Amino acid sequence: MKFFGMLVVVSSACAQKEILEGVFLPEVAHIQVEIDYQEGVLPYTRAPSGTDEAPLTIFSDNVAALFSTLPRTIEVPVALEEMTSFRLSQQTYTAEELYALSMSERNLWDTAQSRSFHVLVMNGMLERDGQVMDQTLGATLPQIRTIALFRPVIDSVILNSSDEVTVETVEQLTMVHEFGHAVGLVGAGLPAVTDHEDPVATHHCTDVQCIMHHSAAAIAGVGNRGVQFSGEGLGLFDVRCRKDIEEAELN
Ligand SMILES: [Zn+2]
Ligand SMILES: [Zn+2]
């Protein structure tokens, strides 16, 4: 079973709380996302095959929906020309290496009125405690709001031909899930308003039909819910995850 992301645990809970609270300050009017990719793996900016959906709308729409309580601009690059590549040849990356990579490749940083997120599309897998995490689709470094996507794992997800999801969709769903971690879901900095944190899969939602569920079963789950992946509609986060964000925006 493929797992949607894993939260790379931060060393300082205090610093993390400050970073998260910073995202929800009323003066923060802009949410900016930077996307960079390792040479050899182009981010899936094209529309999923068989649809005329605009590139990267699943991610941008769901980020916008999550920040719906306060008016904010959401900037997400949608064309390759807006992204830059970097050259690396390793096959696995530790959290420390991803941290260093984000620090060196990142161009967008926080300002008084904006908070930035950095997405790295990796042509490799996560390495943790000497193990290659060949089932981990993505990971989050919340202390710098960096999201890593592991393309070899994304490409290995076996899809049923009846599903409306494609590899392009899986990449974007992974981005949405990791973005949820980067803003503190579930109980990872943001208090859970109702009890919906999975007691076993820490910082994940108990709702199998929510994008913050820990497993790729969520892919089928959101499909079964009849949820639109993007555009108008409820979006991929369930009502309890959205409530946590709403509370943070209002307080
Ligand atoms: Zn996760
Ligand atoms: Zn949820």
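**Helices and strands of a predicted model**

Trainee: How do you know that the length of helix H7 (residues 239-250) agrees with its number of residues?

Mentor: The expected span of a helix is 1.5 Å times one less than its number of residues. For the twelve residues of H7 this gives 16 Å, and its end C-alpha atoms are 16 Å apart, so the two values agree. Please note that this is a predicted model, in which local features need pLDDT of at least 70 and side-chain atom pairs count only at pLDDT 80 or more, while totals for chains, interfaces and linings use all residues. Residues are numbered from 1 along each chain as its sequence is written, and chains are lettered from A and ligands numbered from 1 in the order in which they are written.

Trainee: What makes a run of residues a helix or a strand?

Mentor: Both are DSSP runs numbered from the N terminus: a helix (H or I) has at least four residues, and a strand (E) at least two. By this rule the protein comes to seven helices and ten strands.

Trainee: Why is H5 called largely enclosed?

Mentor: A residue is buried if 20 or more other C-beta atoms, placed from the backbone, lie within 10 Å of its own; it is exposed if 12 or fewer do, and partly exposed in between. In H5, 15 of the 16 residues are buried, so the rest of the structure largely encloses this helix. Just after H5, Gly 184 has a positive phi of about 105°.

Trainee: Which residues of H7 are buried, and what covers them?

Mentor: The buried residues are Arg 240, Cys 241, Arg 242, Asp 244, Ile 245 and Ala 248. Their cover includes helix H2 (57-66) and helix H5 (167-182), where a contact requires C-beta atoms, placed from the backbone, within 7 Å.

Trainee: What makes E9 and E10 a pair of strands?

Mentor: Two strands pair if DSSP finds at least two bridges between them. E9 and strand E10 (residues 146-150) have four bridges, in the antiparallel sense. Gly 138 stands opposite Leu 149 in E10. The two strands form a hairpin with four residues between them, and Arg 145 in the turn has a positive phi of about 55°.

Trainee: How do you know that both faces of strand E9 (residues 138-141) are covered?

Mentor: Gly 138 and Thr 140 on one side are buried, as are Ala 139 and Leu 141 on the other.

Conventions:
Two residues are in contact if their C-beta atoms, placed from the backbone, lie within 7 Å.
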